[in-house]
Amino acid sequence: MKRSSPRNKMASATLPFAEPKAKKKNSLLWLFEPIESDPGFFQRKLFSFDAAYLDNRLYVAVKDGNEPWDGLLVCTATQHHAALCSEFPQLTPHPVVGKWLYVSQSHPEFESIAPEILSLVLHRDPRLGVETSTRRRKR
């Protein structure tokens, strides 16, 4: 049996014509559609999330993955948690990033609550969003 050397494996992995690894597209990007036409909107990666900004303010981030990283993160100050959770009882503080609220994609009401939250984002609800120092990227 012929053994392949590590050198041959390295050479084939670095060839300029080698196929790049396909990135999995986030299936939750449809949530951004209502705000994409806003002139202040831009989207960028936030760790492994896709994040939505309006006027350099971070409002929401989405990811489809494994719990607890599978749903909608609502970026807000902790002082607004009670008001938002009373309006949207499906929201809970994220188990890892507790300063932000979260609704899992597996929640039975996810597809109805998420667009409602994005509607609040579009109207720039003062309870939502956090200031960032991010400069706007060109689309």
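Q: In this predicted model, does Tyr 53 count as buried or exposed, and at what relative accessibility?
A: Buried means under 20% relative accessible area. Tyr 53 falls below that cut-off, so the residue counts as buried, at a relative accessibility of 3%.

Q: Which residue forms an aromatic pair with Tyr 53 that is stacked?
A: Let's look at the rings. The structure holds three aromatic pairs. In one of them, the centres are 4.7 Å apart with 10 degrees between the planes, and the partner of Tyr 53 is Phe 42.

Q: Where in the chain do Phe 42 and Tyr 53 sit, and how many residues apart are they?
A: Phe 42 belongs to strand β1 (residues 41-46), while Tyr 53 belongs to strand β2 (residues 49-54). Their pair links distant parts of the chain, with a separation of eleven residues.

Q: Is Trp 69 buried, partly exposed or exposed?
A: Trp 69 lies in the loop between β3 (57-63) and β4 (71-74), and forms an edge-to-face pair with Phe 49. Phe 49 is buried, at 5%. Buried means under 20% and exposed means over 50%. Trp 69 has 28% relative accessibility, so this residue counts as partly exposed.

Q: In which sense do β1 and β2 pair, and over how many bridges?
A: These two strands form a hairpin with two residues between them. The pairing of β1 and β2 is antiparallel, and the number of bridges is six.

Terms used. Residues are numbered from 1 along each chain as its sequence is written. This is a predicted model: local features need pLDDT of at least 70, side-chain atom pairs count only at pLDDT 80 or more; totals for chains, interfaces and linings use all residues. Side-chain values use heavy atoms; hydrogens and water are left out. Rings of Phe, Tyr and Trp (its six-membered ring) pair if their centres lie within 6.5 Å; planes under 30 degrees apart count as stacked, over 60 as edge-to-face and the rest as tilted. Helices (H or I, at least four residues) and strands (E, at least two) are DSSP runs, numbered from the N terminus. Buried means under 20% relative accessible area, exposed over 50%, partly exposed in between (1.4 Å probe, protein chains only). Two strands pair if DSSP finds at least two bridges between them.
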